[in-house]
Amino acid sequence: MEKEKQKRAMLAGIAAMALFMIGDWLLDVKGSGNKEVGLFVNSNWPAMSMWRFEVSILLAAAAMPLYWIALKELRHIVTDACSRNPKGHALAMKRLFDFSSAAGLISVLFIHIMCCLLPIIFKTSYGMGSTFEQAADVTNQVGMYILLPFMIYYLVMDIGMSVVMVYLILTRRFALPKWMACFHPVGGLVLCEIFAAIPVAWCNDVSVAFESMGHLLMFVAGYVLLQQFDKIKTIIAKKGKKKTGLTSNQPLKLAPQSKPSKRHPLKNFDYPYQGNTG
């Protein structure tokens, strides 16, 4: 039952980040010919409808409870994996994930709403008779006031959780293929930069949601991990029946306990985590 609850939580996280991705596209798909004016303003904002930013905020607000449920369960999974094999830097990684995921819970809605409020401030000022330059100056000044806390929380959240996911997968504390070590927020950011460098308009537009997609992939990794647990339990149950040779009418005879296989070196089969890093 516990694993089913955790699976549902990972699916909730996937749904939450899908909503954030839609919100990112509503916020940041600016069309061709856009240019940055200062640090925060974009030249195509006057042509973008206000409803896009309003709906983007609503989607992020709807996603937050799902994100909280998923991140809470992922923290439990990370804690169990690190506690069962505390060698090396495992306990430090556990503390890093606790800290960075807390930063995420505190800031992810704040970050998204502020990204939406900047164009709203610009369009409101511009619509009340300010020139483009005046509206841009006001918006850039507002952006500067929030830049420091914005960047601190953003970097702690994304880098912290990404480092832990890479560590757990590469050290085999998570029984996942090593290529999934890119399933984290920084992996999404790297892919975003790659697509943004392609001189094709749609590549630039679609890439604006890739940071949120990195969070989504992190929850996909958690779900796949729990699915691996089910497969391993099935394999173990089948092997146990084969070794004991039991039928439904025979009394239970316990077979000698075999060592965990090298392919799935689990210390305790109640958890979908690899207990031996070699």
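A surface patch here is made of residues with over 30% relative accessible area and no salt bridge, where like charges are joined within 9 Å and nonpolar side chains (Val, Leu, Ile, Met, Phe, Trp, Tyr) within 5 Å. A salt bridge is a side-chain nitrogen of Lys or Arg within 4 Å of a carboxyl oxygen of Asp or Glu. Accessible areas come from the Shrake-Rupley method with a 1.4 Å probe, and for residues only the protein chains shown count as cover.

Some ground rules. This is a predicted model: local features need pLDDT of at least 70, side-chain atom pairs count only at pLDDT 80 or more, and totals for chains, interfaces and linings use all residues. Residues are numbered from 1 along each chain as its sequence is written, and side-chain values use heavy atoms, with hydrogens and water left out.

Now the patch. Met151, Leu155, Ile159 and Val163 form a nonpolar one on the surface. Together they have about 310 Å² of accessible area. Met151 sits in helix H4, residues 132-170. Helices are DSSP runs (H or I, at least four residues), numbered from the N terminus.

Next, the inside. Buried means under 20% relative accessible area, exposed over 50%, and partly exposed in between. A nonpolar core is a set of buried Ala, Val, Leu, Ile, Met, Phe, Trp, Tyr and Cys residues joined through side-chain atoms within 4.5 Å. The largest one has 46 residues. Tyr67, Leu71, Phe174 and Phe219 touch the most other members. Helices H1, H2, H3, H4 and H7 each supply at least two residues of this core. H2 gives the most, with 11.

On to charges. How many salt bridges does the structure hold? There are 5. One joins the side chains of glutamate 4 and lysine 7, at 3.6 Å, N to O. These two are 3 residues apart in helix H1, so about one helical turn separates them. Glutamate 4 is partly exposed at 37%. Lysine 7 is buried at 8%.

Glutamate 73 and lysine 5 also meet, at 3.7 Å, N to O. This pair links distant parts of the chain: glutamate 73 is in H2, lysine 5 is in H1, and they are 68 residues apart. Glutamate 73 is buried, at 3%. Lysine 5 is partly exposed, at 39%.

Aspartate 28 and lysine 30 make another bridge, at 3.1 Å, N to O. Finally, Arg75, Lys94 and Asp98 are linked in a network of salt bridges.

Notes: Buried means under 20% relative accessible area, exposed over 50%, partly exposed in between (1.4 Å probe, protein chains only).
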